[in-house]
Amino acid sequence: MARWLVKSEPASYGWDDLVREGKTEWTGVRNHAAAANLRAMRKGDEVLVYHSMTGLEAVGIARVSRTAAPDPTAKEGPWVSVELAPVRPLAHPVTLKAMKADARLKDMAMIRQSRLSVSPVEDAEWAAILDMAG
DNA sequence: GCCAACGTTGGC
DNA sequence: GCCAACGTTGGC
């Protein structure tokens, strides 16, 4: 099972929205590298939900409940979306600052390339983040 | 095919 | 508000 991280601005769609709705179509990704990551997701993969712009912290764990399909919000192009369902919130959100300060996460994709909105998370990185989340 | 200009994202 | 990092566009 692979693990991932997705970014979202809570002002437009955040963890609380995902919990309230029970699942959501993760649309709007318009970057080829991020879209490739969406296509690589398999049902059951775990996904860390991170709040960008406001919050700047990982707040919860979701699960891929349906693999990539054409993004209904894209008029044309190769863009895809997946469906995500919430699993559980992190007991203590893990801030970007904390992630950057932790040597275990120095090679993490989202740290190395801050603009990438959908990125893979290695097993060791995932374990480190859960450790930091308490 | 190269590269400058411009737009967007996202952290600071 | 600024700037770095990228991606895209368009002139040549």
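Ala, Val, Leu, Ile, Met, Phe, Trp, Tyr, Cys and Pro count here as nonpolar, Asp, Glu, Lys and Arg as charged, and the others, Gly among them, as polar. The model is predicted: local features need pLDDT of at least 70 and side-chain atom pairs count only at pLDDT 80 or more, while totals for chains, interfaces and linings use all residues. Residues are numbered from 1 along each chain as its sequence is written, chains are lettered from A and ligands numbered from 1 in the order in which they are written, and side-chain values use heavy atoms, with hydrogens and water left out.

**DNA strands**

A residue is near a strand if one of its heavy atoms lies within 4 Å of it. Around DNA strand B stand Lys 7, Tyr 50, Ser 52, Met 53, Leu 56, Leu 96, Lys 100, Ser 114, Arg 115 and Ser 117. By class, these are four nonpolar, three polar and three charged residues. Sugar or phosphate supplies 76% of the atoms of DNA strand B within 4 Å of the protein, and bases supply the rest.

DNA strand C has Asn 31, His 32, Gln 113 and Arg 115 around it. Of the atoms of DNA strand C that come within 4 Å of the protein, 45% belong to sugar and phosphate. The surface near DNA strand C has no nonpolar, three polar and one charged residues.

| Side chain | DNA atom | Distance |
|---|---|---|
| Lys 7 | phosphate oxygen, DNA strand B | 3.4 Å |
| Lys 100 | phosphate oxygen, DNA strand B | 2.7 Å |
| Arg 115 | base oxygen, DNA strand B | 3.2 Å |
| Arg 115 | base oxygen, DNA strand C | 2.4 Å |

**The largest pocket**

On a 1 Å grid over the protein atoms alone, a pocket is an open set of points where a 1.4 Å probe fits, with protein on both sides within 12 Å along at least five of seven lines; lining residues have an atom within 4 Å of a point. Grid points are joined across faces, edges and corners, and a volume is the space filled by probe spheres set on the points. The largest pocket has a volume of about 210 Å³. Its lining includes Lys 7, Ser 52, Met 53 and Ser 117. The lining residues divide into four nonpolar, six polar and two charged.

**The sheet**

Strands are DSSP runs (E, at least two residues), numbered from the N terminus, and two of them pair if DSSP finds at least two bridges between them. Six strands make an open sheet of mixed pairing, in the order S2-S5-S4-S3-S1-S6. Strand S2 (24-26) and strand S6 (118-120) are at the edges with a single partner strand each, so one side of each has no neighbour in the sheet.

Strand S3 (residues 46-51) and strand S4 (residues 57-70) are antiparallel, with six bridges. His 51 is opposite Glu 57, and Val 47 is opposite Ala 62. Five residues lie between the strands of this hairpin, where Met 53 has a positive phi near 65 degrees. S4 also runs antiparallel to strand S5 (residues 80-95), joined by 10 bridges; here Arg 63 stands opposite Ala 85.

Methods:
A polar contact is a pair of N or O atoms within 3.5 Å; within protein, one must be able to donate a hydrogen and the other to accept it, and residues adjacent in sequence count only if both atoms are side-chain atoms. Helices (H or I, at least four residues) and strands (E, at least two) are DSSP runs, numbered from the N terminus.
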